[in-house]
Amino acid sequence: MKLHYAPGTISIAVAIALHEAGLDFEAIRVDLKTGAQTQPAYHRINPKGRVPALETGAGILTETGAILDYIAAIAPAAGLKPQDPFQAARLRSVMYYLASTMHVNHAHRMRASRWADSADAQEDMRAKVPETMADSCAYIEQHCLAGPFIAGDRITVADPYLYVICTWLEGDGVDVKDYPRLAAFCDAMAARPSVQAVRAAGMLR
Ligand SMILES: N[C@@H](CCC(=O)N[C@@H](CS)C(=O)NCC(=O)O)C(=O)O
């Protein structure tokens, strides 16, 4: 498989999950700084112009949550999603929240121009990020960590998703130490060989 990624972005959740699943992959860097994601060559991979995109034997997948779900499904021995239908759906509900709310809150800092043209409106959006990200952290802290990890004692594919978003918190003006369970989760993730491998590869800041 080929993972199209950019360092520090949500695409690194996929890299971590591939390591956790024990699946080999080729990492192809997309240079967001030079706008490679806006070029026709990359639009042929992902017409949305975003990372991640995962080239599989069956075709190309986009959207972090869907890719993570796929990784859990093709590597069942790694046990990266619960067998129980309710618990599996609960895991997906956390990933949908990360995709639809927490990642979008964060994007208002660097990508405000997606939603407004005027400099004032964009500045208002940027100013709101510490508050909306803190709200998301409080929700995760109180409702989403069933144990040290999202599903309890075992790591699942939702954990790399949350972890990569947590690496953005400092830049978003949020101190993870204000959320003790989330801070412990981050420490547990940082200690994993999968996370250390992507860090050593320069994929995570
Ligand atoms: N919903 C998408 C969002 C992907 C996304 O926004 N990725 C960002 C990096 S974190 C990106 O590619 N940004 C490039 C751009 O906006 O031009 C997913 O989860 O895969």
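Me: How far is an oxygen atom of the ligand from an N or O atom in the side chain of Gln 37?
Reply: They're 2.8 Å apart. Bear in mind that this is a predicted model, where local features need pLDDT of at least 70, side-chain atom pairs count only at pLDDT 80 or more, and totals for chains, interfaces and linings use all residues. Residues are numbered from 1 along each chain as its sequence is written, and side-chain values use heavy atoms, with hydrogens and water left out.

Me: OK. And how far is a polar side-chain atom of Arg 50 from an oxygen atom of the ligand?
Reply: That pair is at 3.1 Å. Polar contacts here are pairs of N or O atoms within 3.5 Å; within protein, one must be able to donate a hydrogen and the other to accept it, and residues adjacent in sequence count only if both atoms are side-chain atoms.

Me: What about Glu 63, which ligand atom does its side chain reach?
Reply: A nitrogen atom of the ligand, with a polar side-chain atom of Glu 63 lying 2.6 Å from it. On its own the ligand has 520 Å² of accessible area, and the protein covers 86% of that. Those areas come from the Shrake-Rupley method with a 1.4 Å probe; for residues, only the protein chains shown count as cover.

Me: Which residues surround the ligand?
Reply: Thr 9, Ile 10, Gln 37, Arg 50, Val 51, Pro 52, Glu 63, Thr 64, His 103, Arg 111, Arg 114 and Tyr 161. To be listed, a residue needs a heavy atom within 4 Å of the molecule.

Me: How does that shell split by class?
Reply: Four nonpolar, four polar and four charged. Ala, Val, Leu, Ile, Met, Phe, Trp, Tyr, Cys and Pro count as nonpolar, Asp, Glu, Lys and Arg as charged, and the others, Gly among them, as polar.

Me: Back to Glu 63. What is its phi?
Reply: Positive, about 80 degrees, although Glu 63 isn't a glycine. Glu 63 is in the loop between β4 (59-62) and α3 (64-74). Helices (H or I, at least four residues) and strands (E, at least two) are DSSP runs, numbered from the N terminus.

Me: Is Glu 63 buried, exposed or in between?
Reply: Partly exposed, because its relative accessible area is 46%. Buried means under 20%, exposed over 50%, and partly exposed is in between (1.4 Å probe, protein chains only).

Me: Where is the cis peptide bond?
Reply: Between Val 51 and Pro 52, with omega about 10 degrees. Pro 52 lies in the loop between α2 (40-43) and β3 (53-56), and Val 51 is found in the loop between α2 and β3 too.

Me: Is Val 51 buried or exposed?
Reply: Buried, as its relative accessible area is 12%.

Me: Switching topic: where does Asp 159 sit, and is it buried or exposed?
Reply: Asp 159 is in helix α6 (residues 158-166), and it's buried, with a relative accessible area of 0%. Asp 159 and Ile 16 are 143 residues apart in sequence, yet 9.4 Å apart in space, C-alpha to C-alpha.

Me: And Ala 77, buried or exposed?
Reply: Exposed, at 84% relative accessibility. Ala 77 is in the loop between α3 and α4 (85-110).

Me: Last one: where is Asp 24?
Reply: In the loop between α1 (11-21) and β2 (26-29). Asp 24 is exposed, with a relative accessible area of 71%, and its C-alpha is separated by 16 Å from that of Pro 52, 28 residues away along the chain.
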